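Have the model open while you read.

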Amino acid sequence: MSEKTVKLLNPHLETAPSDYLYHMNINVANTRDTTELQHNFGDVKFICVGGTGSRMRQLALYLRGVLGVQESGDPVDLCERGQRYAMYKVGPVLCVSHGIGSASFSVVLHELLKLVKYARCQEPVILRIGTCGGLGVSPGTVVATKNAFNGLLRNEHEIAILGQRVVRPAQFSEDVIRDVIAFGVDANDGFQTISANTMGTDCFYEGQGRIDGAICEYTEKDKMEFLQKCHDLGIRNIEMEASMFASVTQKVGVKAGDVCVTLIDRLKGDQVSITMDQKHEFEQRPFLVVGRYIKKLLQL
């Protein structure tokens, strides 16, 4: 096997005769002969992931034009029968939905990593494209994550495994961050793209220090002190996936990046106040940045 293919840290996969990627409805009937998977997915160089199926469909349509892929009609959802996640293929790029939060994302991330292993993809890069709350930056700012902090403000991800607390580091690939900024940014964009730290929490409301959830047992002052502490750590955006995403990809040695657009400045409030038209326009901004990055690396 080529040194450039994905090698996962699970010895049990090497002896499993078959592997059903259940949540994507992809059946690897014979792990010793994955010719069909290699034919269908072996050319994949980039996997773009995002929260919703509709956003990934929009990204697939957008990338057709960027990459010059001659296809027409609606993109085909390759995971439709699984009814959990959506997957679209545009040339060497997969666009896959992951739901909200690390719990949902981790399921499809494990299965995507197994898919690229069986398909013998060469050095794939996984990129999360999403929305987030900003911290001291204007709404509409695109943030490429450097280090991912958890809700305890530690640059790590923790998970309970067999009843034990397991902690893993959570950094994204330095060269991916560098190249996203170098190749994805245009001086005429009309918005700012920065590289900064990100906090990924397990909860949208209490975990992010909001005071507008169903439960809140802290004051506005407590909230602002917490957010200032985040800002002091170089955190400029808050979402719900970064620490898990960084830790898993770092653990298995797959390059990855997290590129999100801010919808609000949390230092100024908790409620998103932009219009839906503004939101839709903001959501296109990571498309532009990541699209340029992918096009450059593919040398198109």
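Predicted model: local features only at pLDDT ≥ 70, side-chain atom pairs only at ≥ 80, totals over all residues.

Q: What makes the contact between α3 and α6, and how do its residues divide by class?
A: On the α3 side you've got Ser102, Phe105, Ser106, Leu109 and Leu113, and they meet Met244, Phe245, Val248 and Val252 of α6. By class that's seven nonpolar, two polar and no charged residues.

Q: Which residues of α2 and α7 meet, and what classes are they?
A: From α2 come Arg55, Gln58, Leu59, Tyr62, Leu63, Val66 and Leu67; from α7 come Glu283, Gln284, Phe287, Leu288, Gly291, Ile294 and Lys295. The tally for this contact is eight nonpolar, three polar and three charged.

Q: What makes α4 and α7 roughly perpendicular?
A: Their axes cross at roughly 100° and come within 8 Å. The range for roughly perpendicular is 65 to 115 degrees, so this pair qualifies. The α4 side of the contact is Val176, Asp179, Val180, Phe183 and Gly184, while α7 brings Leu288, Val289, Arg292, Tyr293, Lys296 and Leu297. Sorted by class, there are seven nonpolar residues, one polar and three charged.

Q: Which residues of α4 are buried, and what covers them?
A: In α4 (residues 174–184), the buried residues are Val176, Ile177, Asp179, Val180 and Gly184. Their cover includes the strands β6 (125–134), β7 (142–149), β10 (193–200) and β12 (255–265), along with helix α7 (276–297).

Q: How do you know whether Thr31 is buried or exposed?
A: Look at its relative accessibility, which is 12%. Buried means under 20%, so Thr31 counts as buried. Thr31 sits in the loop between β2 (26–28) and α1 (35–41). Leaving out residues up to four places away in sequence, Thr31 touches Ala16, Pro17, Ser18, Asp19 and Tyr118. Its side chain also reaches the backbone oxygen of Ala16 at 2.5 Å.

Q: Why is Arg120 called partly exposed?
A: Its relative accessibility is 40%. Buried would need a value under 20% and exposed one over 50%, so Arg120 counts as partly exposed. You'll find Arg120 in the loop between α3 and β6.

Q: What makes Leu162 exposed?
A: Leu162 has a relative accessible area of 83%. The cut-off for exposed is over 50%, so the label holds. Leu162 lies in the loop between β8 (156–161) and β9 (164–169).

Q: What is phi at Arg120 and at Leu162, and why point it out?
A: Arg120 has a phi near 55°, and Leu162 has one near 50°. Most residues other than glycine have a negative phi. Arg120 isn't a glycine and its phi is positive; that goes for Leu162 too.

How values were computed
Residues numbered from 1 in each chain as written. Heavy atoms only, no water. Contact = heavy atoms within 4.5 Å. Helix = DSSP H or I, 4+ residues; strand = E, 2+ residues; numbered from the N terminus. Nonpolar A, V, L, I, M, F, W, Y, C, P; charged D, E, K, R; others polar. Buried < 20%, exposed > 50% of the residue type's maximum accessible area, 1.4 Å probe, protein only. Polar contact = N/O pair within 3.5 Å; in protein donor to acceptor, adjacent residues only side chain to side chain. Axes fitted to C-alpha atoms, helices over the stretch in contact; angles between N-to-C directions. Parallel < 35°, antiparallel > 145°, perpendicular 65-115°, else oblique.
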